[in-house]
Amino acid sequence: MSLATLLVLADGRLPSGGHAHSGGLEPQVSAGRVRELDSVAEFLRGKLATTGLVAAAFAAAACARPGNGAEFDQGIDVRTPSPALRKASRAQGRALLRAARAMWTLPSAGREPHQPVALGIVASAAGLGALEAAVAAAHGTVSGAASAAVRLLGLDPYAVHGLLARLAPDCDRIAAAAAKTAGAPVDDLPAAGAPLLDIGAELHATWEVRLFAS
Amino acid sequence: MRARSRVVAESDGHGGTRLTELRSESPLLLRRTGARTVHLVGGGAGPLRGDDLRLEIEVGPGATLEIRSVAAQLALPGRAHLPPSRLEIHATVAGGASLRWLPEPLIAAAGCDHLTVTRVEVAEGGSLLWRDDLVCGRHDEDSGTVRTDTTIRYAGSTLYRHELSAGPAAPGWSGPAVLGEGRAIGTVVAVPASLLPPATSGPADFAIMPLAGPGALATAVAADLRPVRAALDPICDRQPATAGGRP
């Protein structure tokens, strides 16, 4: 495993379209639930423990078993009741594959897999292990929403990165838990849901004007 | 407390349903209350820590069953050294059969530690309306620790897989990604999707969403149970599930 390779994959500057998504933050800002740093922190904590854990688990599983991508893809489908979130996840999966094809030699992964499945397959092709795939997924879950918070609320970017630094041990814990289930049957993988993310994504998809795609 | 209760509904061959098995152990007491309706009447407070409860529901080909409850389920602390209270519900719905699960809410009282595991298997051509309401804490009370773990399968494939954790052991559960200020949440899973109104979102924290497979989910989150009921009761009472619905 190469640490530098992991940094390349987890870098926010990877041109995989992540900057276009707020990770569900924009509708909660609009609803008035997220206004300042503390509520951003609570948002990130809840997101990491729910969809972050699921993303990390599926990235780890897809990295360990990249040939089973279709099965994992269906596993994310049944854990994502919101059609808007399914669409956003597939768009990000496709964009990640497009970027990664120029970086590593990828196996066939379907046209538009869910983002965590694509991430696992790409991590495997890059020579990374399940734990590294899970760390990248967990970190990506919070870092994308954190940078959206800076743009949506005009928050101090230093303070927001302070949140990410404090969440790093939680990301490690989530990733370690996720890597442990990398060999489990799909139905037994984590399925922690976040109802307000689902509902918010559906409301958000009906807006005529929005800053982020999801 | 350990309980194993079981209800089996079968078609009587003339368009009706008969209960060929109705076995109850306290506190999961089942009572037939209508031609196709069974109520859980409860038997004592609980579940409490240490309780191990299991309910089995079987709806045979062409049969129709509705299960309700007369009162909320109140998860309570019990003795600290005992394992979390656990309710497992296993349901199977045959082709051409219909199950409506419409119980009163689960209330997670402060200090409780409770897990509900739900496994539903619907055969091709079966229909299902599965409602779960959860209230996190009684009035003006902190939530206890509660986790729900739900798998609904249709025609041999998983259709809906969902876990929800609330209370002191769940990071960020009362933050703006999970339940926010909401202390009540209700969900209805429908197979086929046509048992619910078309997809919609709002007003407030309410949405009806088509699942990736042949079903739909309605979710409502609110500060207390009243708006959740206002959003979900009408769509559950809208039309009785007809046997043999097509997804």
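Chain A holds nine helices and zero strands, where helices (H or I, at least four residues) and strands (E, at least two) are DSSP runs numbered from the N terminus. This is a predicted model, in which local features need pLDDT of at least 70 and side-chain atom pairs count only at pLDDT 80 or more, while totals for chains, interfaces and linings use all residues. Residues are numbered from 1 along each chain as its sequence is written, chains are lettered from A and ligands numbered from 1 in the order in which they are written, and side-chain values use heavy atoms, with hydrogens and water left out.

**Overall form**
- Along the sequence, chain A reads α-α-α-α-α-α-α-α-α.
- Chain A has a radius of gyration of 16 Å, close to the 17 Å from the globule rule for 214 residues, so it is as compact as a globular protein of that length; the radius is taken over C-alpha atoms, and the rule is 2.2 Å times the number of residues to the power 0.38.

**Burial**
- Of the 214 residues in chain A, 55% are buried, which is to say under 20% relative accessible area (1.4 Å probe, protein chains only).

**Contact between the chains**
- The contact takes 34 residues from chain A and 32 residues from chain B, with contact meaning heavy atoms within 4.5 Å.
- About 2500 Å² is buried between chain B and chain A, and carbon and sulfur atoms give 63% of this area; buried area is the accessible area (1.4 Å probe) that two parts lose on being put together, summed over both.
- R161(B), P176(B) and A177(B) supply 27% of the area that chain B buries against chain A, more than any other three residues.

Conventions:
Buried means under 20% relative accessible area, exposed over 50%, partly exposed in between (1.4 Å probe, protein chains only).
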